[in-house]
Amino acid sequence: MAATTKTNMQLVVNGLLNENPIFRLALSMCPAVGISTTVANGLLLGVAVLFVQVFSSCTIALIKDHIHQRIRIPTYTLTIATWVTVIDLVLAAYLPVAYKAMGIFVRLIVAFAIITMRLEVFACRNTVTASFWDGIGMGFGFMFGMVTLGAVREVLGMGTLLGYDVLGFRPMLFFVLPAAGFFLVGFMMAMFNYVETLYNRRAKRGS
Amino acid sequence: MKNDVKAFWTLMLIIATLWIGGCEAPSFIKAAQFEETDRIVLTFAGPVDPAWAEDRDHFTVNEKPDPDILLDIASVRLSPDQSRLTLTLADPINQNQPHQVVVKEIVSEGRNMGTQAVTVSKPYFGYLISILIGALLIQNFVFSKYLGLCVFFGTSQKKSTAVGMGITFTFVIVFASLMSWFLYQFVLKPYRLDYLQIIVFIGLVSLTVQAVDTVLRKINPALFKAFGVYLVLVIANCIVIAVPLILADNEYNMIESLMLALGAGLGFLLALFLMSSVRERLDFANVPTSYRGLPIAFIVAGLFALSFMGFSGMSIF
């Protein structure tokens, strides 16, 4: 793949919709199922991933000419691990309560496939600016997915949104249970697929 | 053949070294165990001062995972020979959790023996089995902790792939966890480098995978042919990095670590096997177009997760 020709805005939209990390690429499913129980959780992990994605993408784009082909994957891993350590220590210091609620997942960002995958297919072939915007797009795409899942689960499960009571009752307590994460991700993916087929059909009819 | 034997003994030697290293330093408190439902009995190496033992402020008891929540001690009683001390708590103890007892400024025959902490847990073998079963079923890493899903959905399409991946994964995770446990306990912790744990563990896991790859290729090419392809995928599995982190957080000793790693590996194998059995049948089912592939797999996994919730709260020993 040659260097990208997309504009910065297109890169962001690409991450948000066309290649949404959760619903389209189906990468980083563990956090999507595991801790999307509330909007706040989703948002916080989204911010952490955004941070790690942007900084790792920029780092790799900066030093890409000096990385030998055969050790590129270990280099990516170490770069990500460094930035994850940074965000891990920052969150533990400034947001201890929320950090505890997310448990081990902040440190597991290091194993999220989405970040390594973006470094491999994008950052190592593009300029720092393009990588920055791609990182922003992917990070926000991830955050968007997490917040959507979190909102549905919080409203349906607890009747609240961002901690505020919106319904006044708890419609389906089931959605707070972690097992519901699997169902919801399944439904959302199916919905994305359905919308895509509809869209393609219309595009065909139009042409 | 000769090489095999040599490799085996080298491995045994490494394990033996780790074993000895895993033993704890001698302590003035010789033993601590649960008695009945609300008592903890401490046995000291020598007689302790009765006046010291009367003061309840010298003892704190907490469940090991929650060091902030101290349990109420109702009474402290010293045996006539002054070496056995019974702590009676206000409420019954949850004996499935290991408890930590901190004994402050022990006074024995006029000498101050310092402050010592001791962990009370159920008979050790039962405790080990409960860690194993816990990681395997009750807190299954895939269905109850939601880790390793990318690889889980990627390799559960066919039974043969699933079993191959599961076995390879179990081997690698046991090796990687033991090595990272060793490194954490003897290098990172003594030198206060534990903020480096993420970098060190991920590096170690990649190295282990590479090492297993190289060793297997030389020693048993047939086995390598069967399982080599899955080795690369192991690195992309977040369980393999989660287990070392959990070991470091909970301060497990070596045998406990081995059990947790084994449980995690076998639990992943079980999850993959169950899932692949269902997905092989799904191939013949009439699934709505939008749901084909991953979405239906997620819903099946959700059903599995629901049924695994039936294990929650179970305790075996």
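Leaving out neighbours within four places in sequence, A:Arg107 is in contact with A:Val84, A:Asp88, A:Tyr99, B:Gln197, B:Ile198, B:Leu245 and B:Asp249. The model is predicted.

- A:Arg107 lies in helix α6 of chain A.
- The relative accessible area of A:Arg107 is 8%, so the residue counts as buried, the limit being under 20%.
- One of the contacts of A:Arg107 is a salt bridge with B:Asp249, in which the closest N and O atoms are 2.8 Å apart.
- This pair crosses between chains: A:Arg107 sits in helix α6 (residues 105–108) of chain A, and B:Asp249 sits in helix α8 (residues 239–250) of chain B.
- B:Asp249 is partly exposed, with a relative accessible area of 42%.
- In general, side chains of opposite charge can pair when their charged atoms come close.

**The interface of chain A and chain B**

- Chain A brings 34 residues to the contact, and chain B brings 32 residues.
- The size of an interface is often given as the accessible area lost when the parts come together.
- For chain A and chain B the buried area is about 2,900 Å², and carbon and sulfur atoms give 82% of that area.
- The count of salt bridges between chain A and chain B is one.
- That salt bridge joins the side chains of B:Asp249 and A:Arg107.
- On the side of chain A that touches chain B, the elements that give two or more residues are α2 (29–34), α4 (72–94), α6 and α9 (179–206) of chain A.
- Of these, α9(A) gives the most to that side, with 10 residues.
- The residues on that side of chain A divide into 25 nonpolar, seven polar and two charged.

**Salt bridges within chain B**

- Over all chains, the count comes to five salt bridges.
- One of them is formed by the side chains of B:Glu251 and B:Lys189, at 2.7 Å from N to O.
- B:Glu251 lies in the loop between α8 and α9 (254–282) of chain B, and B:Lys189 lies in the loop between α5 (159–188) and α6 (197–219) of chain B, so the pair ties together parts that are 62 residues apart in sequence.
- B:Glu251 is partly exposed, with a relative accessible area of 36%.
- B:Lys189 is also partly exposed, with a relative accessible area of 32%.
- Another salt bridge joins B:Arg217 and B:Asp213, with the closest N and O atoms 2.8 Å apart.
- Both B:Arg217 and B:Asp213 lie in helix α6 of chain B, where they are four residues apart, about one turn of the helix.
- B:Arg217 is partly exposed, at a relative accessible area of 46%, whereas B:Asp213 is buried, at 12%.

**Strand β2 of chain B and its partners**

- Strand β2 (residues 39–44) of chain B is mostly covered, since five of its six residues are buried.
- Strand β1 (residues 29–35) of chain B is joined to β2(B) by six bridges, and the two run antiparallel.
- In this pairing, B:Ile29 stands opposite B:Phe44 in β2(B).
- β1(B) and β2(B) form a hairpin with three residues between them.
- In the turn of the hairpin, B:Glu36 has a positive phi of about 45°.
- β2(B) is also joined to strand β6 (residues 84–89) of chain B, by five bridges, and these strands run antiparallel.
- B:Ile40 stands opposite B:Leu87 in β6(B).
- In a regular strand the side chains alternate between the two faces of the sheet.

**Chain B as a whole**

- Chain B has 10 helices and 10 strands.
- Its C-alpha atoms fill a box of roughly 75 × 50 × 35 Å, taken along the principal axes.
- Of the 317 residues in chain B, 44% are buried.
- Among contacts in chain B with a separation of 6 or more, 68% are between residues 24 or more positions apart.

Note on methods
Residues numbered from 1 in each chain as written. Chains lettered and ligands numbered in written order. Predicted model: local features only at pLDDT ≥ 70, side-chain atom pairs only at ≥ 80, totals over all residues. Heavy atoms only, no water. Salt bridge = Lys/Arg side-chain N within 4 Å of Asp/Glu carboxyl O. Buried < 20%, exposed > 50% of the residue type's maximum accessible area, 1.4 Å probe, protein only. Contact = heavy atoms within 4.5 Å. Buried area = accessible area lost by both parts, 1.4 Å probe. Nonpolar A, V, L, I, M, F, W, Y, C, P; charged D, E, K, R; others polar. Pairing = 2+ DSSP bridges.
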